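Follow the helices through this structure one at a time. Start with what is packed, then look at how it is packed.

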Amino acid sequence: MMKIIINDIHLGFDLLGEVEPPIVLIHGFGLDRSIWRPLASSQLDNQMVILPDLRGHGESDAPKGPYRMSLLADDLAFLLEALGIKKAIVCGHSMGGYVALAFADQYPKMLAGLGLITTNANADLDDKRAGRYELMEETREKGAMAVADNLAPRLSYDQAVVNQAHQLISSTNPEGLDGALAGMAVRPDRTALLLEIRVPSLVVAGEADRITELNEAKAMAEALPEGQFLGIRGVGHMPMAEAPETLGEGLRTLITRVMR
Ligand code: MLT
């Protein structure tokens, strides 16, 4: 477990393994880096893996938002620079995928490969954005439990995964949840960017995901010049917890493609 000061905040992260290329695994909204640890240790052997806690989450500071995806991408770039890493495979889960796309946009020279896991490249539609502002209000009144109760039951069909996510979200700093909701609400559409990302890319969908559209995931894989699609049957929004072996194999294949 480590902490570093970058971009004026303390950022929590894990640095595991030694084998290059380095791979970054970014958690989703309300979660933290612990969600990736079992997959990283069981599936990625001695690979160099960086697990950041996004600002507002886990052990990272939660200053006032909004946390624009561009700011979260800056945090990641500063972290990699501080670790002496010039290039990495950057993979993000859900909101972490929005951050990975912002990173691809802002730091293309630092991108060796891209993983988009149960996420999308669109901006919010009006009703989704309105829902985020309502949830921000509710979080100000009721705290993190408002987000945990809203989000966790939709993440998975596996009750143990739901319980773990509920526990993580409900212990997240409400200021952090507020900042992330505000940042996601104003994120730009990045579908046109996909056409410009010329590194090996993997798009992963849970075929039973209630949050992310399967068709949108397939369209992203088609738009990416080096995109590959992995659909995982019977899995919801949390493949790192629901199907770690299948996702691990997908990530190992991505690493091999980057090394070619
Ligand atoms: C996530 O799991 O990170 C969020 O559900 C993403 C979102 O709300 O768009």
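This is a predicted model. Begin with the buried residues of α4, which pack against α3 (95-106), α5 and α7 (174-185). Those buried residues are Arg 132, Leu 135, Met 136 and Thr 139. Look down the axis of α4: the four fall within an arc of 110°, so they line one face of the helix. Now turn to the face directed away from that buried side. There α4 carries the exposed residues Asp 126, Asp 127, Glu 134, Glu 141 and Lys 142.

After α4 comes Gly 143, whose phi is positive, near 85°.

Next, take the pairing of α4 with α5. Two packed helices are described by the angle between their axes and the distance between the axes. Here α4 spans residues 126-142 and α5 spans residues 145-155. Their axes come within 7 Å and cross at roughly 135°. The two helices are therefore oblique to each other. From α4, the contact uses Leu 135, Glu 138, Thr 139 and Lys 142. From α5, it uses Met 145, Ala 146, Val 147 and Asn 150. By class, these residues divide into four nonpolar, two polar and two charged.

Move to α2, residues 69-82. Its 14 residues should span 20 Å at 1.5 Å a residue, and its end C-alpha atoms are 20 Å apart, which agrees. Buried in α2 are Met 69, Leu 72, Ala 73, Asp 75, Leu 76, Ala 77, Leu 79 and Leu 80. Gly 84 follows α2, with a positive phi near 75°.

How does α2 lie against α3? Their axes come within 8 Å and cross at roughly 70°. That makes α2 roughly perpendicular to α3. On the α2 side, the contact includes Met 69, Leu 72, Ala 73, Leu 76, Ala 77 and Leu 80. Among their partners in α3 are Tyr 98, Val 99, Ala 102 and Phe 103. The whole contact has 11 nonpolar, two polar and one charged residues.

Finish at α11, residues 244-259. Among its buried residues are Leu 247, Leu 251, Leu 254, Ile 255 and Arg 257.

Notes. Residues are numbered from 1 along each chain as its sequence is written. This is a predicted model: local features need pLDDT of at least 70, side-chain atom pairs count only at pLDDT 80 or more; totals for chains, interfaces and linings use all residues. Side-chain values use heavy atoms; hydrogens and water are left out. Axes are lines fitted to C-alpha atoms, for helices over the stretch in contact, and angles run from 0 to 180 degrees between N-to-C directions. Angles under 35 degrees count as roughly parallel, over 145 as roughly antiparallel, 65 to 115 as roughly perpendicular and the rest as oblique. Contact means heavy atoms within 4.5 Å. Ala, Val, Leu, Ile, Met, Phe, Trp, Tyr, Cys and Pro count as nonpolar, Asp, Glu, Lys and Arg as charged, and the others, Gly among them, as polar. Buried means under 20% relative accessible area, exposed over 50%, partly exposed in between (1.4 Å probe, protein chains only). The arc is that of the directions from the helix axis to the C-beta atoms. The expected span of a helix is 1.5 Å times one less than its number of residues.
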